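This report is meant for a reader who is seeing the structure for the first time. Please look over the sequence and the model before reading on.

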Amino acid sequence: MNHSDNLKKGEKGAWISIFAYIVLATSKLVVAALGNSEALRADGLNNASDVVASIAVLIGLKISRKPPDEDHHYGHFRAETIASLFAAFIMMLVGIQVIIETVQSILKQHYVQPDMLTAWTALVAAIIMFMVYFYNLRLSKAVASSALYAAAQDNRSDALVSIGAFIGIIGAQFGLFWLDPIAGLVVGFIICKTAWDIFKDATHTLTDGFDEKQIEKIKLSVLKDPDVKQLYDIKGRIHGNQAFIDITILVDPNLNVEESHAITERIERYLYKEHHITHAQIHIEPYQTF
């Protein structure tokens, strides 16, 4: 199964997230309004933003499946990363909004004891989101999708946010009325932190960043080939979840074209086997001894 087929399977995870977020956001906002809980309201707004983010991931997965064309010779795999970046912006805006509104509530010192229904709503939502998280995490690894992996991390963050809301509401039942809006404030910061992590990973990929430790592992693998006299240069970049590696090696100058080509094919097969590298551009130059 190729990467395009994997991305199609990954769309199932995005659809599950969208459905879960719509149900949870609606439930939380309604119950929060009836039960007077700032923490649950913040949690509901977080899920509402996640609907938009999950739709962005779904669109990104669909675009990534498009084959190369006249002006996208390397395919459309980076649409996944752009989708993750868009999702991060949406989450950050909502997180900032939650923080501002919660701080205003705290400054007004208008504390109201939330209804216990809001606590049970938050707890059930946390359980549901942990189930969605584990499903999407497993699926993201199976289909090798960076966008779906980012969505899974967001699912986990949402589950933790709901647990935080639950704790805040329970505390308010024991007279700690300020704990509910404080929980809402913590929710806002968690949303912003998750958004920042996704943004940082996406921008690193879009600016052709590549893991230095992974480069070193690939370098050592290439040098294991007995016909490689020296590895002159190695570069890497990411398209979606596809690694594109450019390598320049030095070999015996007396080898003919067929023999040199055999070396590149052998290295390509080894890189795919050991590091799942599907795109390796290997340039051969003569090794000179002085």
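## Basis of the model

The model is a predicted one, in which local features need pLDDT of at least 70 and side-chain atom pairs count only at pLDDT 80 or more, while totals for chains, interfaces and linings use all residues. Residues are numbered from 1 along each chain as its sequence is written, and side-chain values use heavy atoms, with hydrogens and water left out.

## Two domains

The protein is divided into domain 1, covering 3–207, and domain 2, covering 212–286, with bounds that come from an automatic or database domain assignment. To the contact between them (heavy atoms within 4.5 Å), domain 1 gives 10 residues and domain 2 gives 7 residues. The C-alpha centres of the two domains lie 40 Å apart.

Side chains of opposite charge can pair when their charged atoms come close. A search of the whole structure finds 7 salt bridges, each being a side-chain nitrogen of Lys or Arg within 4 Å of a carboxyl oxygen of Asp or Glu. One of them joins the side chains of Asp 43 and Lys 28, at 3.0 Å from N to O. Asp 43 belongs to helix α2 and Lys 28 to helix α1 (residues 3–35), so that the pair links distant parts of the chain, 15 residues apart; helices (H or I, at least four residues) and strands (E, at least two) are DSSP runs, numbered from the N terminus.

Asp 43 is buried, with a relative accessible area of 0%, and Lys 28 also counts as buried at 0%, where buried means under 20% relative accessible area, exposed over 50%, and partly exposed in between (1.4 Å probe, protein chains only). Leaving aside its neighbours within four places in sequence, Asp 43 is in contact with Lys 28, Asp 158, Val 161, Ser 162, Ala 165 and Val 187.

## Other salt bridges

Arg 78 forms a salt bridge with Asp 208, and the closest N and O atoms are 2.3 Å apart. Arg 78 lies in the loop between α2 and α3 (79–108), whereas Asp 208 lies in the loop between α6 and α7 (212–223), 130 residues apart. Arg 78 counts as partly exposed at 21% relative accessibility, and Asp 208 counts as partly exposed at 37%.

Asp 225 forms a salt bridge with Arg 266, with 2.8 Å between the closest N and O atoms. Because Asp 225 lies in the loop between α7 and β1 (230–239) and Arg 266 in helix α8 (residues 257–275), the pair ties together parts that are 41 residues apart in sequence. Asp 225 is buried, with a relative accessible area of 9%, whereas Arg 266 counts as partly exposed at 31%. Asp 225, Asp 227 and Arg 266 are linked in a network of salt bridges.

Just after α6, Asp 208 takes a positive phi of about 65°.

Trp 178 is found in the loop between α5 (146–173) and α6 (179–206), and at 41% relative accessibility it counts as partly exposed. Leu 176, Trp 178, Ile 182 and Val 186 make a nonpolar surface patch of about 330 Å². Patches are made of residues with over 30% relative accessible area and no salt bridge, where like charges are joined within 9 Å and nonpolar side chains (Val, Leu, Ile, Met, Phe, Trp, Tyr) within 5 Å. Accessible areas come from the Shrake-Rupley method with a 1.4 Å probe, and for residues only the protein chains shown count as cover.
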